[in-house]
Amino acid sequence: MSVGQLLNNNSLKHSYELVMILAEKEIKTRYKKNIFGYLWSISNPLAYTLIFYFAFEVVLKISEPNYTLFLITGLFIWQWISNYLGGSTLTFIQNTQLIKKASFPRYLIPLTTCLQDAFHFLVSIPILIVFMFLYKVDFHPEIFLAIPLNFFVTFIFLFGLADISFSHCALS
């Protein structure tokens, strides 16, 4: 796709709509309009937090202030990274019929997966806030800037990784 085509308002609008429809379909499939989808998406990092807490705090007796909060914060972002890198390799295989039948920029498929996994990370933020209240962590104004900035940097980084791997596979 050339820069002129990308700047074409209709093309950009069409790409945006396609990404939103595909991402919405994947999110609805995962959550299926019930609470169990949400609980399932946060249960894995919480289970790992419990295991790591037991291993490092109880068994090895490592004393780190707010260690559970530290674990949860790291594991939620790691879940986003892990799910995306694992899922982005399969996105083209899972969308083979769409790729064969429609003409659109192929980079929209990993972008859709990145948006889907970013949504799963965003729904975990309330759990982080609850743990911040439980551990009586002070909310500084920098947090309200740091969260969106870190989110954006992670999103761009992950999308770039998938785009590089797709470009490499397409050239092979």
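Predicted model: local features only at pLDDT ≥ 70, side-chain atom pairs only at ≥ 80, totals over all residues.
Phe-155 is buried, its relative accessible area being 12%.

The count of aromatic pairs comes to eight. One of them joins Phe-56 and Tyr-67: the ring centres are 6.3 Å apart and the planes stand at 75°, so this pair is edge-to-face. Because Phe-56 belongs to helix H3 (residues 35-59) and Tyr-67 to helix H4, the contact ties together parts that are eleven residues apart in sequence. Phe-56 counts as partly exposed at 29% relative accessibility, whereas Tyr-67 is buried at 12%. Ring pairs also link Phe-56 and Tyr-67 with Tyr-48, Phe-52 and Phe-70 into a cluster.

## Helix H4

Helix H4 covers residues 67-88. At 1.5 Å a residue, its 22 residues should span 32 Å, and the end C-alpha atoms are 31 Å apart, which agrees. Buried residues of H4 include Leu-69, Ile-72, Phe-76, Trp-80 and Tyr-84.

## The largest pocket

The largest pocket has a volume of about 370 Å³. Its lining comprises 15 residues, of which Thr-73, Phe-121, Leu-128, Ile-147 and Asn-150 lie nearest the centre. H4, helix H8 (125-134) and helix H9 (141-171) each give two or more residues to this lining, and H9 gives the most, with seven.

By class, twelve of the lining residues are nonpolar and three are polar, while none is charged.

Conventions: Residues numbered from 1 in each chain as written. Heavy atoms only, no water. Helix = DSSP H or I, 4+ residues; strand = E, 2+ residues; numbered from the N terminus. Expected span 1.5 Å × (residues − 1). Buried < 20%, exposed > 50% of the residue type's maximum accessible area, 1.4 Å probe, protein only. 1 Å grid on protein atoms, 1.4 Å probe; cavity = no way out; pocket = protein on both sides within 12 Å on 5 of 7 lines; lining within 4 Å. Points joined across faces, edges and corners; volume = space filled by probe spheres on them. Nonpolar A, V, L, I, M, F, W, Y, C, P; charged D, E, K, R; others polar. Phe/Tyr/Trp six-rings, centres within 6.5 Å; stacked < 30°, edge-to-face > 60°.
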